[in-house]
Amino acid sequence: MENAWLIPLFPLLSFLFLLLFGKKLKEASAYVGILLTLASLVYSVIVLVGRLTNDTYKAEADWLQIGNLQLTVGFEVNQLNALMLVIVSLVSFLVHTYSKGYMHGDERFPVFYAYLGLFTFAMLGLVLSPNLLQTYIFWELVGVGSFLLIGFYFHKDSAKAAAKKAFIMTRIGDVGLLIGMILLFWQTGSFEYDEIFASVQAGEVSGTMITLTSILIFVGAVGKSGQFPLHTWLPDAMEGPTPVSALIHAATMVAAGVYLVATMFPVFAASETAMATVAIVGAVTAIFAATIGLTQTDIKRVLAYSTVSQLGYMMLALGAAGYVAGVFHLMTHAFFKALLFLAAGSVIHAVHTQDIEKMGGLWKRLKFTAPLFLIGTLAISGVPLLSGFFSKDEILIAAWANGNYVLFWLAVIAAFFTAFYMFRLFFMVFTGKPRSEYKNVHESPASMTGPMVVLGILAVISGYVNTPWFGTFLGDWLVEGNEALGHGHIEGPAWIMIVATLVSLAGIYLAYLMYMKRSLAQDWFTSRAPTVYSIVNNKYFIDEIYQSTIVYATKAVSLFLRFIELFLVEGLVKSVTGIVQGLGKLGAKLQNGQVQAYGTVAFVGLAVLMLIFALTGGYL
Amino acid sequence: MNSYYLSLLVFSPLLGIVLLALMPKSNEKGLKMLGVLATLPATILALLAYFSYLGGKDLASFSEQVNWMRFSDFSAIHANLFTVKYELGIDGFSLLMIVLTSVLATLAAIASLHIKNEWKGYYMLFLLLEIGMLGVFTAQNLILFFIFFEITLIPMFFLIGKWGYFNKEKAAYSFLIYNGLGSAILLIVIMVLFAKTGTTNIETLKVLVNGGEGQTLAAMSESLKMGLFIALLIAFGVKLPIFPLHSWMLRVHVEAPPSIVMLHSGILLKIGAFGLIRFGMGIFPEQFETLAVLIAILGVINLLYGAFLAFIQTDFKMVLAYSSISHMGIVLIGLGASNEAGVQGAIFQVVSHGLISALLFFLVSVLYERVQTTQMNELGGFAKSMPIASGFLLAGAMASLGLPGMSGFVSEFMAFLGLFKEMPILAAIGALGIIMTAVYLLRAVLSITYGQANREYAGIRDLRSFEWAPVLVLIGLIILIGVYPAVLSQPLENIVLGIGG
């Protein structure tokens, strides 16, 4: 564990190496990236195993001296960090492998792998950070990785717009985080997590300040994790290549917001308002994004909205004091959502479209992809015995136990929607009549199916590390030695599990009726409530609202300032130059070339001087 | 105490000027080569000084003094009364500025290889400008400072007026008028101080002016001090520039040749910040304290004003010009905070912005060399035809918008850290500027590198031969400071402690 800081450096090496030599290596670049992330993965597993038996390890070095203040950098291996290390390096390794097939033939293949390396470096650095400042540093760097990869197809205007939007929207959140962290620093005198927690627990920070700073920090998490109202960048981010969507916009970076709240949990927990804010934003996002997911027809966008929705679940869990539930769902979601994205990529790779209305009947053609996609769909829908079932159950129990009944029911409804739209997606893509134009569709190469199989297995079994039936190993381990995080397992009434199961099955059944059996018309709802449908289908017009308020307001301010610039500032310039020119003209008159004038001035001047001399007697 | 090291450093470009004068006008290659080489001695000496400082050498040992001017003979009262010495010296801050100046001068000389005509006159003026800049940062008294300050103005005037773009004459005159007025005000301040105290030595003035009643030769009332300080604020405010004194600087940014803008934006603007810190804060600390809120407000105005206007520009050079205004706001914000973090942030920003804007303007010159325009609506898709230059442009923009791991972040972070301690609400308003910076820079850079061009630019070549050097050096320094800020903070330790304490 002492050398855990090496873990992020392997992908960094990959980034630098491919930047320099990628052009020569061409597609062999993939092996550089794969091998170096494999090194990170192996090391991460070793660290995780080490952390199971040893205590938290932390090391620091001086970074920046400001007068008497000393800021440090370092790394910390605690339970959450060790777990995140493995999740990030595993998904990154699988995505690196998968991309070898998916990106085959792209002329910027080495650049893609370089960017993946940069992102993985930043993400691993983020989860090792022992203080807020360092977290912020890597937090921004993952944003850049995400930005570069969203805009990978830079010649497309849509990709350019999406990349810009992602960067700016998340930066709005980041400024919140920055302000929160600086305010907290002046309150506690440190950026170090443990010192901040000690100071908060000792009551050195006033209640309002805790609430204010934790909400500001939460704003950062809202931006990064695509929570309402800063969620609009995440669906657009699907412009990036699909493996990127799996890695960054499903499994790792977007979960960073959840990770941040989990890391700062002792501070959030000290403020009821902050906790309530987190829970409400989470629950609202969960149901809000789920409803949008019902109407989308782009396979990646459906998955994107489901990501937003699931991240909302995690936030809800944390806000409802379910620390373990939130982190647990983060883990299972990383696996099944990465699986879904990779499988979706495999579908896109095969049929070259993302529109699910143009797909159908692919079950027989994609013999690996289809069952794996089904596993992911079952897991996210919360079907019993798969990973998503256990983690979602924990969240619902936490929400109930915390007394947030409204939020609890919102989450239950969102679970119903999730099951419905995920199976709608599944049925539309894989069942029905095969389309004639897809006769020559082939299954993807082994480099792509391999990683999907690994994720498929994890999507099934990863829930068993923390179940009410066989033991809550993960939960007990996560909170061990830290009472501020709450209990490893929250007891809840048994009916919650039954309700969750029934709701998910109901969603699946409804989707089955509509899209598989087709005994229920697909436009049954849309024809009855066209206005509602139109609002939801247009994503509640959030983008349009931003466009007509914030974007226009910014432009208006700019134009107003240009007005000032043109009239006030330039007016100042004119008056300054005018004065100088006036003086110049005055001076020029003295040199008009008329000897008489010169003579007059000379004599008058002499006369004046003599007068003064006579009056003062020579003394001034 | 006399080592002549600094004199050698400051006047080393003179050798180049003499040799250039002896060369034939038409020898393009030779003139360019000599022009670049002539900047190297200063760079080497400056770097040597920096490393010997890191190696433990005392900066005071670099000082030198020679008797120069004497006004009447007051030696009966005090040996140095009404004398002006030729005295050079450095502290940690000016050491950094000298290293920055000499390195940027070398890189700008390399960038000047893009210059198309009259190389002889160009490089001679260029080297004269370098002498002026180096002198400004080493001068130990106000008279000498003023002389060096003026030396920068004249070559600059001709460099803009002769080698600039279409409206070059107008830009050159507006540069001269504004800076001339600024230096006139500065001269008045210097003369009043000289008359009242009998000295212009900066260190002595720091003691005398703040020594309470009766310390100075003639009494200085509080209101006089305040008046002098405000005059200084205006004089250096023109240079920095502070809103609304900035319009001359926009013209220079747009009309001057990019290699000169590298120096202008990288060093000359910083003289304003240097003067404010050295003289404003040094000689008038109480007055500075009184007006700290005003300075912070001016900083936030600069930051936001520049950012919002950069957002609607159509010429990339204008975007960068407004971005300079915006970034100088961060210097003011740090100074307005006037605590350790703020001042250190301001100084970091001075160095960091010098490097970043030099990088960006160098890339402008690379771009202009190839496509003869910087209008953004005519550009686009350059990531395809020149991936390397586009990559560096994006990296430069990222540095400029304060991406962690690069120098811009460290300075921005410290300036805001400082201001949040003193004036949290103002700082929160200023933090909007962090968002706006990302907005306008991405808009500008992506419209050049991403997407498709409005017209076809065929056969454009990526970075070639000599163009690599400035780009690599600058990005290397930017990342070095961002990752290991101790390279800057170490020389600044005593200064910051002195101010903050």
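Trainee: Why is A:Lys358 called partly exposed?
Mentor: A residue is buried if 20 or more other C-beta atoms lie within 10 Å of its own, exposed if 12 or fewer, and partly exposed in between; the C-beta atoms are placed from the backbone. A:Lys358 has 15 other C-beta atoms within 10 Å, so it is partly exposed. A word on the source: this is a predicted model, where local features need pLDDT of at least 70 and side-chain atom pairs count only at pLDDT 80 or more, while totals for chains, interfaces and linings use all residues. Residues are numbered from 1 along each chain as its sequence is written, and chains are lettered from A and ligands numbered from 1 in the order in which they are written.

Trainee: Where does A:Lys358 lie?
Mentor: In the loop between helix H15 (323-351) and helix H16 (369-381) of chain A. Helices (H or I, at least four residues) and strands (E, at least two) are DSSP runs, numbered from the N terminus.

Trainee: What makes A:Lys26 exposed?
Mentor: A:Lys26 has 11 other C-beta atoms within 10 Å, so it counts as exposed. The residue sits in the loop between helix H1 (6-25) and helix H2 (29-53) of chain A. Its phi is positive, about 55°, although A:Lys26 is not a glycine.

Trainee: Which class does A:Leu385 fall in, exposed or partly exposed?
Mentor: Partly exposed, because 13 other C-beta atoms lie within 10 Å of A:Leu385. A:Leu385 also has a positive phi, about 80°, without being a glycine. Its loop runs between H16 and helix H17 (387-401) of chain A.

Trainee: What makes the bond from A:Phe228 to A:Pro229 stand out?
Mentor: That peptide bond is cis, with omega near 5°. A:Pro229 is in the loop between helix H8 (207-224) and helix H9 (233-236) of chain A. In chain B, a cis peptide bond joins B:Phe243 and B:Pro244, with omega about 0°. B:Pro244 is in the loop between helix H8 (222-239) and H9 of chain B.

Trainee: Why is H4(B) called largely enclosed?
Mentor: Of its 20 residues, 18 are buried, so the rest of the structure largely encloses H4(B).

Trainee: What makes chain B as compact as a globular protein of its length?
Mentor: Chain B has 20 helices and 2 strands. Its radius of gyration (taken over C-alpha atoms) is set against the globule rule, 2.2 Å times the number of residues to the power 0.38. The value is 22 Å, close to the 23 Å the rule gives for 501 residues, so chain B is as compact as a globular protein of that length. Buried residues make up 60% of chain B.

Trainee: How many domains does chain B have, and how do they meet?
Mentor: The assignment gives domain 1 (1-286) and domain 2 (291-501). Such bounds come from an automatic or database domain assignment. In chain B, 35 residues of domain 1 are in contact with 39 residues of domain 2. Contact means C-beta atoms, placed from the backbone, within 7 Å. H10(B) gives the most to the domain 1 side, with 13 residues.

Definitions and conventions: Contact = placed C-beta atoms within 7 Å.
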